[in-house]
Amino acid sequence: MSTYNKSMALTGEPPRSLSIGQKIAVLLGLSGLGILLLAVFNTSFPNKTLWLTLSLSAIGIGTIWFSWDAYSQKIPGIKNDGVWFRSISSRGLWGWVAGLALTGFYIVLYFYPEYLGLVSDGENKGVIGLFDPLSKFLNGNPASQWFVYGTLYTVAILAFGIKFIWKYRHNRYERLRTWSVMFFQTAFAFIIPELMARLNGHKILDGGSLPYYDLKNIWPLNYYNFEGYRIKMFLSSGEIGFAFLIFGILSIFVITPILTYKYGKRWYCSWVCGCGGLAETAGDSFRQLSDKSTFAWKVERWVVHSVVVFVTLMTTAVIYSYLGTDTSKYWLTKSSFLIGVAVLLTLVFGWAMIFKRDQLQKDAKYGAIGYFVIIIALIGFHFFSGEGEVFLFKSGTLRKSYSFLIGSIFSGVIGTGFYPIFGSRVWCRFGCPMAAILGFQQKLFSRFRITTNGGQCISCGNCSTYCEMGIDVRAYAQKGENIVRASCVGCGICSAVCPRGVLKLENGPLEGRIDSNQVLLGNDVDLMNLVNKK
Amino acid sequence: MEHIVIIGNGIAGVTAARHIRKLSDKKITIVSAESEYFFSRTALMYVYMGHMKFEHTQPYENHFWKKNRIDLVRGYVTKVNTKEKSLHIDGAPDLNYDKLIIATGSKPNKFGWPGQDLDGVQGLYSKQDLDLLEENAPNNKVCKRAVIVGGGLIGIELAEMLRTRDIPVTFLVREPSFWNNILPNRDSEMINEHIREHHIDLRLGVSLKEIHPDENGRVKSVTLAGTGEEIDCNLVGLTAGVTPNIDFLKDSGIELGRGVKVNRFLETNVEDVYAIGDCAEQQEAIGNRRAVEAVWYTGRMMGETLAQTICGNRMEYKPGHWFNSAKFLDIEYQTYGWVFPEPRKKESETHFHWRHPKEKRCITIAFDNDSETVLGINTFGIRLRHEVFDRWLSEKRTVDFVMEHLRDASFDPEFYKNFESDIVSKYNADFGKSINLKKKNLKRIFKIA
């Protein structure tokens with residue numbers, strides 16, 4: 001039996017210990033966090049700008065220094081030595097401590113921001129107060145808990161992004177992808193919306209105000225994008241506001257389908273998205289913790305698609321609630337909107353059931369039929385019951401439940417807080433409705449696949465182990481079958497860790513995209529013809 | 001119901017079982033002394049390195065076997081009685097079979113070195129070997145130096161494993177260059193450099209003479225043949241190849257050579273007894289292949305083929321073009337067709353070689369002098385598409401054709417820097433040709449009209 005013990009070292013490679021440089025780097029990073037923690041307990045810092053700069057620099061430099069020390073002296077290649085020996089990355093004590101700390105942070109962030117020092121009518125205190133100068137510098141207003149979160153989020157993606165780039169410096173796909181998520185987080189999620197806030201009230205917006213809008217955050221991930229208050233703000237802001245609104249609609253109905261057809265959902269999930277960005281950088285050390293069992297896959301399919309149904313119902317109800325009934329005032333009314341939704345859903349459902357039914361598993365068909373009947377029944381119910389509440393519930397109730405259950409608990413507390421326990425993509429895999437919609441298309445109508453290289457697989461299991469989405473990649477590769485899975489975000493790590501060059505992410509013709517074989521390439525040609533005849 | 005019993009739960013036996021299940025309703029039993037469930041032997045190294053846990057090396061979930069009605073018996077077969085068609089198993093009740101498949105794999109070679117059975121001297125093949133290695137070399141305090149004997153694929157894996165725990169390694173290779181009974185000199189030379197780059201003390205052309213014990217019967221040091229140099233060490237890894245694991249068949253009446261002798265139908269001399277995988281020895285050679293091929297892929301292919309025979313479609317074992325792959329520390333290696341090293345190369349076989357000026361990448365293509373037909377290719381640090389190269393070998397393409405279409409064969413990840421144009425210009429310079437490299441073409445690659 002194995003005699004090694006899990007080390008208590010945070011990041012050492014037992015029996016290797018941390019170098020002196022790494023120890024100092026850890027100390028530096030922790031001191032940066034320490035400043036933030038002191039601020040939480042209302043230590044008053046004389047010069048907030050200086051101390052915030054010190055804190056964020058210490059966190060960033062600490063992380064980068066640590067990574068430099070870890071990778072710079074090594075020959076480029078796969079760097080997974082000791083991953084399962086380290087307590088932090090193998091669900092050991094430190095993993096649980098980190099998981100609890102992160103979860104606690106999210107609970108405070110979402111539900112008790114006053115403990116972070118948020119003061120709604122007056123000067124912020126605590127750690128939010130510490131961020132006031134930066135917030136005022138960027139958008140002109142005092143900080144909120146979301147500004148603090150956004151800043152830390154961006155620092156994490158940048159610092160751990162650099163770590164990731166060094167770790168995979170032999171792999172150009174990984175380097176480019178990481179630069180991309182770092183760019184989209186910094187520019188689109190962080191700086192542009194903050195600067196845009198300065199334009200509010202300006203004459204180029206006709207004196208109106210734009211809602212806070214991260215342009216790459218697409219509905220339904222951005223589940224509130226079409227809510228009444230945001231529509232009002234878009235429409236109040238002249239042509240620019242209108243253009244943003246149109247862009248939001250085109251994003252999901254036009255841009256997304258085209259890009260997903262051409263490149264698979266990776267163009268979004270592992271190149272652009274902020275949730276994906278954090279998972280790929282700060283979450284990289286936890287990717288191996290995802291559950292690969294077929295049971296987990298089954299849970300995933302039911303849960304993530306239920307979230308899609310939930311967000312569709314919720315958004316429909318919310319939009320319905322603020323639309324009028326008089327066609328002479330505005331062409332889009334409650335009724336025409338509902339009919340539009342019903343037609344769109346029927347088209348998608350009909351297309352999948354008629355043209356793609358042989359690619360759907362049995363439970364997928366049952367699920368789709370069940371959910372389709374429910375939605376159409378609810379919409380029908382509206383027309384038969386006269387003008388009542390759509391979907392039996394008040395739109396406000398749906399909206400609040402979604403925001404609490406999915407927006408906060410699922411994506412934040414569980415999705416990120418449990419990184420060290422369930423792996424880095426729990427939200428993306430089980431919860432994200434955007435990922436589910438892109439995945440639906442990726443599975444049925446996309447050029448993207450992971451090609452399996454003939455008969456070269458040795459079933460070692462590196463690909464499955466390091467798949468953050470919990471796909472049992474090996475199950476396909478060892479059959480010589482290409483991997484075409486709805487959940488694959490195209491991070492490319494399976495291909496990177498494969499010791500035999502078996503996997504390649506690529507966009508190719510739809511014909512023969514899956515290419516399943518019973519007998520693998522390399523064997524008798526007659527036998528292959530006999531067994532593989534379709 | 002016919003009862004098929006398979007001895008050995010490695011890739012060969014398990015593949016046979018899976019395919020028999022697909023084709024039939026027969027009762028299937030797999031007997032293994034090594035492990036409860038099938039695991040990927042090639043992945044054991046990653047468990048020691050901490051890349052994976054042992055359960056990750058198991059390609060099927062534990063419920064798979066019951067669901068597919070494949071019975072698993074844990075025990076060591078000590079005797080095969082072919083007259084009564086029964087097995088005597090240490091650790092489990094006796095079994096009767098209607099058809100028997102022997103798929104017991106290999107065991108590490110030992111060449112009678114003095115001290116080869118001391119504590120701290122081991123091979124690396126089985127799960128038990130891995131567990132033993134955790135005891136013998138858990139870290140560099142217990143194991144201050146390891147000596148590895150035998151410059152093949154397992155030797156370099158063992159060296160890589162030990163280096164992840166900062167254990168100093170002396171690597172004894174009998175040949176003048178690493179694995180150059182298989183690799184041409186220039187390919188092998190690059191691997192030598194890479195081994196040294198990883199701070200492994202590589203000793204070429206050096207053999208082991210003797211292993212010395214300390215007062216407790218554990219290994220203390222080794223002496224080298226020739227120089228007589230003594231090297232202190234706490235672990236000796238014997239990785240000089242493997243040999244079929246067939247001792248338990250000695251008195252069974254089944255004809256044995258180095259391995260279990262089989263004909264082209266994988267049948268032994270005894271009716272209803274078959275052998276596949278590492279432990280099978282072909283009576284007649286198949287092309288350039290060796291009589292005993294201890295390779296993952298051939299084990300799997302024999303399993304695929306034998307399942308047909310067992311299920312009523314008697315089929316000859318006719319493997320297609322040779323292919324193989326390995327990873328030497330950070331360098332991936334793939335090969336398709338035959339590229340022979342200099343001593344075994346025919347006069348008519350010419351090699352084209354390209355090597356990257358800085359990075360550890362190279363490629364060697366073997367072709368026939370007269371017809372210019374490509375015989376095979378070795379690539380290091382470059383991935384090739386199996387399907388495309390296999391097709392070119394079947395179509396007996398010339399080296400000019402291969403050069404011209406080299407981009408179609410690339411399997412490196414997207415955005416990788418490609419070296420095809422460097423390779424082709426070197427080819428043009430070496431052989432006075434003027435080949436123009438064609439663009440990558442998806443229609444050609446995927447054979448779409």
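Between which helices of chain A does the loop that holds P220(A) lie?

## Two loop residues in chain A

This is a predicted model. P220(A) sits in the loop that runs between α7 (172–197) and α8 (228–236) of chain A. The peptide bond leading from W219(A) into P220(A) is cis, and its omega is near 10°.

The phi angle of R91(A) is near 60°, which is a positive value in a residue other than glycine.

## Domains of the two chains

Chain A has two assigned domains: domain 1 covers 1–73 + 112–198, and domain 2 covers 448–532. Taken over C-alpha atoms, the centres of domain 1 of chain A and domain 2 of chain A are separated by 37 Å.

Chain B is split into domain 1 (3–107 + 243–310), domain 2 (121–240) and domain 3 (323–445). Between the C-alpha centres of domain 1 of chain B and domain 3 of chain B there are 35 Å.

## Helices α12 and α13 of chain A

How far apart are the axes of helix α12 and helix α13 of chain A? The axes of α12 (residues 294–322) and α13 (residues 334–355) are 9 Å apart, and the two helices pack at an angle of about 160°. Angles over 145 degrees count as roughly antiparallel, and α12(A) and α13(A) are therefore roughly antiparallel to each other. The crossing in which α12(A) passes α13(A) is right-handed.

On the side of α12(A), the residues that meet α13(A) are T316(A), I319(A) and Y320(A). Their counterparts in α13(A) are K334(A), F337(A), L338(A) and V341(A). Sorted by class, this contact of α12(A) with α13(A) has five nonpolar residues, one polar and one charged.

## Helices α6 and α11 of chain A

Another helix pair in chain A is α6 (residues 145–167) with α11 (residues 274–281). Their axes come within 8 Å and cross at roughly 45°.

The contact of α6(A) with α11(A) has six nonpolar, three polar and one charged residues.

## An open sheet in chain B

Which strands of chain B form an open sheet in the order β4-β5-β6? Three strands, β4, β5 and β6, make up this sheet, and their pairing is antiparallel. The edge strands are β4 (76–81) and β6 (95–96) of chain B, and each of them pairs on one side only.

Strand β5 (residues 86–90) of chain B pairs with β6(B) in the antiparallel sense over two bridges. L87(B) has L95(B) in β6(B) as its bridge partner.

## Where chain B touches chain A

The contact between the chains takes 54 residues from chain B and 52 residues from chain A. On the side of chain B, the elements giving two or more residues are α4 (127–136), α7 (296–310), β21 (323–328), β22 (331–337) and α8 (386–394). Of these, α7(B) provides the largest share, six residues. By class, the side of chain B that touches chain A has 19 nonpolar, 16 polar and 19 charged residues.

Methods: Residues numbered from 1 in each chain as written. Chains lettered and ligands numbered in written order. Predicted model: local features only at pLDDT ≥ 70, side-chain atom pairs only at ≥ 80, totals over all residues. Domains from an automatic or database assignment. Axes fitted to C-alpha atoms, helices over the stretch in contact; angles between N-to-C directions. Helix = DSSP H or I, 4+ residues; strand = E, 2+ residues; numbered from the N terminus. Parallel < 35°, antiparallel > 145°, perpendicular 65-115°, else oblique. Left-handed = near helix turned anticlockwise from the far one by under 90°. Contact = placed C-beta atoms within 7 Å. Nonpolar A, V, L, I, M, F, W, Y, C, P; charged D, E, K, R; others polar. Pairing = 2+ DSSP bridges.
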